[in-house]
Amino acid sequence: MELLKSHGLGNDYLVLLSGSVPAEAGIRALCHRTRGLGSDGLLVRVDSQVADYGLRIFNPDGGEAEKSGNGLRIFARWLVDHRGAPERFSVETKGGLVRCTVRPDDVSVEMGRATFIGPQVPVLLPGEVVEHTLRAAGEEFTFTAVGIGNPHCVIFRQEPLLDGLRWRRWAPVLERHPLFPNRTNVQFARHLGGQRLEIRVWERGAGETSASGSSSCAVAAAAVRTGRCQPGRIDLQMPGGALRVDVSPDYDIVLTGPVEEVGVFRPSASWCNAHGLEP
């Protein structure tokens, strides 16, 4: 087994270079922060009949994700740097077709069109779910549901310090709220004025993360839909750094940001055997 590790603003993924796709327990072992290689997920290249490349994305809990903005940018950079891919190409994910553009300093991915319609997110509410109220963890929240191939629960707050909120306690409860049949990613966001936003991210199946591409796209789309920002370029600040999201008037989304390669890792045969993995 051989894996490449890269990160986008601290949100890191392992790309499976060789070896069999692990079962859920094996993925959890690989992604474990202290007993494994440590990662926010695993990326596996597969064949596609409708795109230049196919991609499966696994969360660190072993479950499969529909889409990941940072994961796609990492996958795209690897394809160009190590597999001879052209500057522009398409990738099929479980959450839809994505077009990627790889430049020397950053990678852009066309994430598709955001939706706020309940059954399309999915969230178990009719029509558009914009600034809807729900109760969880003993609190009342106003949220906007956004689907970008995967589900998001965006909550805007006015407090000057997001980390002064108890969002780390609220988010895991919201992730598993009965309104979200497939669970959900959760974002707490603050409008900084103009086209700037600050966010904190709780990824479904991963927990708190320093940055997230699809979460940034969801928050930017929700900011436009609720009138906090205008269509166009929106800059999002996270603990790991900043990402750019371009939102069209029709809510087509393009995500742009950097990718940094960490290195190639080969787990030992004894470690693989202990965790039921093919060495």
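**Entry 1: terms and model.** I call a residue buried when its relative accessible area is under 20%, exposed when the area is over 50%, and partly exposed in between. The model I am looking at is predicted.

**Entry 2: glutamate 139 and arginine 166.** The side chains of glutamate 139 and arginine 166 form a salt bridge, with 2.7 Å from N to O. This pair links distant parts of the chain, 27 residues apart. I found glutamate 139 in strand β10 (residues 139–147) and arginine 166 in the loop between β11 (151–156) and α3. Glutamate 139 has a relative accessibility of 23%, so I noted it as partly exposed. Arginine 166, at 46%, also counts as partly exposed.

I then noted a network: salt bridges with shared partners join Asp163, Arg168, Arg190, Glu198, Arg200 and Glu208.

**Entry 3: other salt bridges.** How many salt bridges does the count come to? I recorded 25 salt bridges. One of them is between arginine 266 and glutamate 2, whose closest N and O atoms are 2.6 Å apart. The two residues are 264 residues apart in the chain: glutamate 2 is in strand β1 (residues 2–8), and arginine 266 is in the loop between β18 (260–265) and α5 (269–274). I looked up the exposure of arginine 266 and found a relative accessible area of 60%, so this residue is exposed.

I also looked at arginine 33, which forms a salt bridge with aspartate 40; the closest N and O atoms there are 3.1 Å apart. Is aspartate 40 buried or exposed? Its relative accessibility is 7%, so aspartate 40 counts as buried. Arginine 33 is partly exposed, at 48%.

**Entry 4: aromatic pairs.** My search of the whole structure gave 8 aromatic pairs. Phenylalanine 116 and tyrosine 251 make an edge-to-face pair, because their planes are at 85° and their ring centres lie 5.1 Å apart. The pair links parts of the chain that are 135 residues apart. Phenylalanine 116 belongs to the loop between β8 (107–113) and β9 (132–136), and tyrosine 251 to the loop between β16 (241–247) and β17 (252–257). I noted that both phenylalanine 116 and tyrosine 251 are buried.

Tryptophan 170 and phenylalanine 188 form a tilted pair, with 5.8 Å between centres and 45° between planes. Tryptophan 170 is in helix α3 (residues 167–175) and phenylalanine 188 is in strand β12 (residues 185–193), so the pair ties together parts 18 residues apart in sequence. Both tryptophan 170 and phenylalanine 188 are buried. I found Trp170 and Phe188 again in an aromatic cluster, together with Phe141 and Trp167.

**Entry 5: a charge over a ring.** I checked which ring arginine 228 sits over with its charged end. The ring is that of phenylalanine 156, and the charged end lies 4.1 Å from its centre.

**Entry 6: helix α2.** Last, I followed helix α2, which runs over residues 69–83 and has 15 residues. From first C-alpha to last, α2 reaches 20 Å, close to the 21 Å expected at 1.5 Å a residue. I noted α2 as mostly covered, with 11 of its 15 residues buried. Among them are Leu72, Ile74, Phe75, Trp78 and Leu79.

What caps the N-terminal end of α2? I found serine 68 there, with a side-chain oxygen 2.9 Å from the backbone nitrogen of glycine 71. Glycine 84 follows α2 and has a positive phi, near 70°.

Methods: Residues numbered from 1 in each chain as written. Predicted model: local features only at pLDDT ≥ 70, side-chain atom pairs only at ≥ 80, totals over all residues. Heavy atoms only, no water. Phe/Tyr/Trp six-rings, centres within 6.5 Å; stacked < 30°, edge-to-face > 60°. Helix = DSSP H or I, 4+ residues; strand = E, 2+ residues; numbered from the N terminus. Buried < 20%, exposed > 50% of the residue type's maximum accessible area, 1.4 Å probe, protein only. Lys NZ or Arg CZ within 6 Å of the ring centre and 35° of its normal. Salt bridge = Lys/Arg side-chain N within 4 Å of Asp/Glu carboxyl O. Expected span 1.5 Å × (residues − 1). Polar contact = N/O pair within 3.5 Å; in protein donor to acceptor, adjacent residues only side chain to side chain.
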